[in-house]
Amino acid sequence: MSTETADRVAAVTSSWPSTPIQTSWFEYLLDATLLETQLQKTSPDLTPVQLIIQFLEQASKPSLNEQNQVHPPADNRRNRTLKLLALKVAAHVKWDLDVLEKGLTIPVLNMLLNELLCVSKVPPGVKHVDLDLSTLPPTTAMAVIIYNRWAIRTIVLSSFPEKQTKPGPHQMNMLSIVQQEKEMTENILTVLKEQAADSISVLEGAVHLKKDFYIHTLRTLDMLAADAAANGETEYSTAGLRISADELHCQVHYDLGGIFFQQGCTDQPAYEKAREHFRQTKELLKKLDSTVHVHLDEKRLAGYWDACRALTGISDSSDSQTTPYDQINSLIRTHNYQALIEAFIKDNVSHRLPNHFRRSVLREFLYKVQQGETGLDEVCHKLCVCNAIRDALEGEVLSVRFQQLLLKPSKQIVDFILEACTRSLEKDRPSEMSRRNMANFMKTLCESLEELSLVFMVSSHKLFMELLKEEERKVLVEQMRKRTATINLSAKPLPSFYDIPASASVNIGQLEQQLILSLEPRRIRQILIELHGMAERPFWRVNSKWEVPPDYISVILGIKDNLTKDLVYILMAKGLHCISIKDFVHARQLFSACLELVTEFSPKLRQVMLNEILLLEVRAHENMASEGSRERPPPDLVSRVRGYLEMRIHDLPLRQVVGEECVAFMLNWRENDYLILQVPQSLVMNNPYIKLGQLLASTCKELPGPKESRRTAKELWEVVVLICSVSIQHKRNSDGRVGLIRQRESTMGILQRSKFITFIKKLREPLVLTTLISLFVRLHSIVRDDIVNEVTAEHLSIWPSSLANIQAVDVEAVAVTVKELVSYALTLNPNNQSWLITQADIYFVTNQYSAALNFYLQAGAVCSDFFTKAVPPDVYTDQVLKRMIKCCSMMNCHTQVAVLCQFLREVDYMTAFKALQEQNSHDAMDSFYDYIWDVTILEYLTYIHNKRGETEKRQIAVKAIGQTELNTSNPEEVLQLAAQKRKKRFLQAMAKLYF
């Protein structure tokens, strides 16, 4: 090669851009400074969200042991460091949920925020709603707020429709991975929706805090990694990034407004709450000089605000002027439809209202007509005409609805069209574009009308003469004559739906919208027939919210006829949706139509539909029961449930939820003998829900018997212990409220714990729930191993008192489950004194003394007609009273302590005297002296006040001791009556304080 050639080659190769070598994830583990260097680059190798995905993906990879068995990721230094790196990247983007939500899937973001809760030291085993944010360290409180903000934002985002991705041939091998992620997302969403009320309560509490907040930065996370938190800097000082109270309140109000707005479609008053939060957001935005840490879409906020004002009908004095939206909504609310049409005609000139808003107004009126409101047909026609003229002026395609209106218009409609056209052009100097578009519209109008008299009305109108040149008019009239002759010769009927001169995409879009909205089976079938006549594609994908159970997917998609496949899928999906919103009437119609359809060609699908109809009837009856109905299910329904539980059909897809609900149904209606004696043993072995149902039924039946006969209680105990157990390899530190979301499910039990809790929450029978509460309370006491602070419940003696493999039991899982179980039971019957005492004990052992005292008082109130009678001694035992005394003591309510010491079987003078010596008491002190009946305590009070020189308080004590009914010479009956009267009055006073 010559020198010149070599130089040319060198010049060319040197001009090629060199591809930078991408930094691998493990390099960040080796070099602690590398992450910060990468994040500060203007063009880093990976974006922040890509780094988070990479770090968490590596940290959550399962491991293999020597026998090639898969184990969950180990809790080792490597994985902890990777998770910390992911948190540092999130800190770099300042925990901006907009950025994180756009780049991360729900499971990944859930994992990231769980780690934030963990490193921020959120108290384990305590629900966020039970935490007092004002007493938590700043970074801990902020972590709780961020998590709950994400929770409600995710619920709102999940309610928006999504365009479903259509996998190509090269993607089919990834369907299983996509399905797994979808299931994880659905599980997380289910839990978030169950906890939505708690998240809202947490955030509503946050907006009342007036202090500034601090959040983790790269520096504070580095300090955590280096165990530098011993001096408390990362927890209690201003080491983190400061977020002002106004900035946080602005963001939280916006997020709360979003969740209340989303709830408004099923709960109308929620719109008023949403409006109030958006009002606060707007005020805070005006107040803030800098909105560095506020990330919200101001255009969306304005849209929310307008929507709330329209939906609530409340005007705001802070709004200086009324918007066009307000004017239109006001006219609709006052039924001033003539003025509404006038406003639409004027807007054709001003163009202040966007097209989508005008169309939504028309859709609202069409919906009212569908619902049976009379007298609105003419309004719909005129609004449709106004919108068509607006489309024509902007050069848009005319709507299908307007084209249909022209098939058989009345003379009045044509008159209105011509009047609206005349008034829709600018009066002074209409633009050339407007004139040309209006002329085209007039020509289209003439071509679409069939009756010559109506065509003549248009062609002889002044506007027609002005806009069209003489040559154009002559050509158009000639075309009309030829068309009329052709029609007369061939006797052609009126154009059918498919002859409408509009684009196919517009037709299909309108029909798809009707398909989404319709709940009438015949109409759904008709729409699908029309759609399949226009395009061959799978219309079951039109709405991403249409979902059928995975168990049935392969059977339905295996139907060869595309129309039938779409119809079966959509009828089932709509029916399931109706069940989920408790619209059982429409669900029955949809399922019946689907059953009739599949009976013709598929015995397998016929049985599937019969199973789904059974589930529908079970849920409908259970819903009636939850609303207070005591009517027993008809024998036919009980018989069908039994038939399902005994059904054995080969190769039939079965949903476990059907069996689950059938078992719960039998337990709720006390069909225990069937579960114990008649269910085939093969079903008990193969279906975990039937096994659980049988064990619960047997245990409840044995409860009155002697202890030695309770064999099934021990078997039930062993099954539940295994459900709450995890393998030692993947046991890790607890992180608070998120126990149900984290993937810590047992592989040792017959059911995953989350599915077990879901099953429990379908039970209503008090004895079954009491049995389960008793079991979990005993298990909780054993794993906590705290004899002093044990939780109490009924029937504890039937369970074992020890565990062979206590290390394998997930302590946090047991704690969370017992709390959820008792809370759920109290939603069914808030007057069950045993459950109330158990709930109080749970709060007591977790040091939540105010809540504990509240429930102890509730337990006494429900069994004494709000303390008008004496509380039974088996409710207020000495143990309960001592716990009430400790609650008051821990809250510095020392006078209440002294009064409660009298309630014990043997008055605890030592505790009472010690409490009365305290001068820093947070209760009403001397106002409680009237409730003391023990003369010794009153004498001690007199002595204490005399010693301190407190003359007024001494006089109150002397007055109390001087009451004749407390004279020790009185008969015992009189003294007892005096004590009972004071007990009742004191407990009523306490109830007013703590309820």
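Which helix holds Ala 151? In this predicted model, Ala 151 sits in helix H8, which covers residues 138-158. Its relative accessibility comes out at 1%, and since anything under 20% is called buried, Ala 151 counts as buried. Looking past its sequence neighbours (up to four places away), Ala 151 touches Leu 192 and Ser 199. There's also Leu 189, 38 residues away along the chain, with its C-alpha atom 8.6 Å from that of Ala 151.

Next up, a pair of helices. The axes of H38 and H40 come within 11 Å and cross at roughly 15°.

| Helix | Residues in the contact |
|---|---|
| H38 (residues 753-760) | Arg 753, Ile 757, Ile 760 |
| H40 (residues 811-828) | Ala 813, Val 816, Thr 817, Glu 820, Leu 821, Tyr 824 |

By type, the residues of this contact split into six nonpolar, one polar and two charged.

Now for H43, residues 878-890. With 13 residues at 1.5 Å each, H43 should span 18 Å, and its end C-alpha atoms are 18 Å apart, so the two values agree. Buried residues of H43 are Val 880, Leu 881, Arg 883, Met 884, Ile 885, Cys 887 and Cys 888. What lies over them includes H41 (833-845), H42 (849-862), H44 (894-901), H45 (909-917) and H48 (972-994). Just after H43, Asn 892 takes a positive phi of about 60°.

Conventions. Residues numbered from 1 in each chain as written. Predicted model: local features only at pLDDT ≥ 70, side-chain atom pairs only at ≥ 80, totals over all residues. Heavy atoms only, no water. Helix = DSSP H or I, 4+ residues; strand = E, 2+ residues; numbered from the N terminus. Expected span 1.5 Å × (residues − 1). Buried < 20%, exposed > 50% of the residue type's maximum accessible area, 1.4 Å probe, protein only. Contact = heavy atoms within 4.5 Å. Axes fitted to C-alpha atoms, helices over the stretch in contact; angles between N-to-C directions. Nonpolar A, V, L, I, M, F, W, Y, C, P; charged D, E, K, R; others polar.
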